[in-house]
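Hi,

Here is the structure I promised to pass on.

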Amino acid sequence: MSLYGALITGVSSLNANGKALSVTSSNIANVNTVGYKTGTANFSTFLASTGNPEIVTPSSVQVSAMQHLTQQGLLTSTGSSTDLAITGNGFFIVTPTPSNPMQTYYTRAGSFTADNEGLLRNPAGFYLEGWTLNSDGSMPANRSSLSVIDLESINGTAEATTQMILNANLQASATAVAYTAGDMFAGTVTPEFAQTINLYDSQGGARPMQLAFVKTGPDAWAYEISYQGNPTDIGGAANNPVQAGTITFNADGTLASPAGGTAAFTIPWDVSTGLLPQPMTVNLGTVGLADGVTQFDAASALTSANVDGAPYGSLTAVSVDEEGYVSALFDNGIQRRVFKIPIATFVNPDALAPIAGNAYQLTDESGIPSVLEPNTGGAGTIASNALEGSTVDLAKEFSDLITTQRAYSAATRIITTADQMLQELMQIKQ
């Protein structure tokens with residue numbers, strides 16, 4: 001190897017160790033960066049070969065930097081339901097411009113908060129993307145279409161009543177009367193027992209419905225369900241009662257009929273209300289058991305009436321489960337799934353190209369992403385109220401600093417020595 005080859009080798013060592021110092025300094029600077037992945041400087045020999053094995057050629061050095069994106073960082077609990085972390089493989093899909101969600105990047109930095117427009121964004125300015133679910137909480141048919149998760153688009157909600165569970169007793173010794181359907185609503189027959197219960201329509205309005213019972217024979221009762229509000233709401237008084245039927249009991253006071261222990265009917269809301277007809281089911285109990293409506297020789301009384309549905313409620317919070325479902329929580333007790341967060345996985349994630357903001361973009365070596373539901377196809381799960389910490393090991397980085405400094409110092413000695421030898425060579429003629 002010539003003196004000039006030694007100089008070239010020394011310079012390459014200075015350059016390589018300078019780059020290594022840059023990698024180490026980046027790691028130390030990002031020790032507290034959410035989702036940051038440690039980078040390493042990989043040294044390799046760069047041999048300028050002449051093809052002649054008898055000639056000594058300089059073995060220079062080169063370095064390449066790589067971030068280990070598959071390395072899992074420790075999760076730290078936080079107090080925000082929109083702080084998200086991925087346990088396992090994959091990346092959040094984000095975009096820098098909510099108006100153009102097709103421009104996508106990938107990140108593990110999940111410290112998302114809602115901006116002034118209700119869009120989930122992390123401190124680097126990237127907006128979280130996901131699937132907008134159907135109104136019933138199911139996945140959309142077109143899963144290739146992602147949109148920015150917009151909490152402001154979640155309005156208040158109400159839920160129509162579809163079921164009532166009735167617990168009551170009808171007095172066995174009550175006097176049986178002659179009855180024709182509609183007599184109790186018309187006032188020609190006085191009910192043995194009546195109770196008004198509020199149901200909810202699809203717009204969250206409370207609607208009073210009366211359940212009335214009268215004994216018609218041994219172990220046999222008639223019941224009517226009638227609307228107690230404005231008659232025009234159901235198209236006029238002619239539509240009341242909305243349901244009339246019979247209920248029978250066994251000799252031991254338990255329910256005998258109707259079959260299945262339920263009575264189904266539909267509230268015929270008039271078009272003027274803006275409501276569609278509302279199907280309803282009244283659960284009277286289990287046939288052969290005393291777990292609903294019973295007939296014992298005690299005063300007729302209502303024990304309980306439980307109805308589903310809810311009045312209008314405003315959004316109070318959101319939550320994210322490990323399957324990526326974003327659920328809206330309302331002050332009326334309703335919880336509704338509105339979005340689902342996907343996870344992008346790659347064949348070679350370490351080949352993704354880093355960009356500013358602790359995010360990454362595609363390269364030919366990384367391959368195209370597989371957009372998956374969490375916990376499927378090798379994708380990790382999502383943890384809410386948590387952030388993934390940096391994978392930097394400070395002790396190792398300080399050790400690398402010392403090693404790099406000594407290697408750099410040694411490389412300067414190569415150059416100094418080679419220079420001195422060249423000076424001596426030039427002084428031979430003097």
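Below are my notes on the salt bridges and on one asparagine.

First, the ground rules. This is a predicted model, so local features need pLDDT of at least 70 and side-chain atom pairs count only at pLDDT 80 or more, while totals for chains, interfaces and linings use all residues. Residues are numbered from 1 along each chain as its sequence is written, and side-chain values use heavy atoms, with hydrogens and water left out.

On to the charged pairs. Searching the whole structure turns up eight salt bridges, each being a side-chain nitrogen of Lys or Arg within 4 Å of a carboxyl oxygen of Asp or Glu.

One of them joins the side chains of Arg108 and Glu388, at 2.9 Å from N to O. Arg108 sits in the loop between strand 6 (105-107) and strand 7 (113-114), and Glu388 belongs to strand 31 (residues 386-388), so this pair ties together parts that are 280 residues apart in sequence. Strands here are DSSP runs of E, at least two residues long, numbered from the N terminus. Both ends are buried: Arg108 has a relative accessible area of 3%, and Glu388 is at 1%. For reference, buried means under 20% relative accessible area, exposed over 50%, and partly exposed in between (1.4 Å probe, protein chains only).

Another salt bridge pairs Arg143 with Glu373, with 2.5 Å between the closest N and O atoms. This one also links distant parts of the chain, 230 residues apart: Arg143 is in the loop between strand 9 (127-132) and strand 10 (147-148), and Glu373 is in the loop between strand 29 (370-372) and strand 30 (381-384). Arg143 is partly exposed, at 41% relative accessible area.

Then there is Arg207 with Asp201, whose side chains meet at 2.9 Å, N to O. Arg207 is buried at 15% relative accessibility, and Asp201 is buried too, at 2%. Back at Arg108, there is a network to look at: salt bridges with shared partners connect Lys37, Arg108 and Glu388.

Last, the asparagine. Asn122 lies in the loop between strand 8 (120-121) and strand 9 and is buried, at 3% relative accessibility. Which residues does Asn122 touch, leaving out those up to four places away in sequence? They are Thr107, Ala109, Ser111 and Phe112, with contact meaning heavy atoms within 4.5 Å. As for Pro231, which is 109 residues from Asn122 along the chain, the two C-alpha atoms are 54 Å apart.

Cheers

Terms used. Helices (H or I, at least four residues) and strands (E, at least two) are DSSP runs, numbered from the N terminus.
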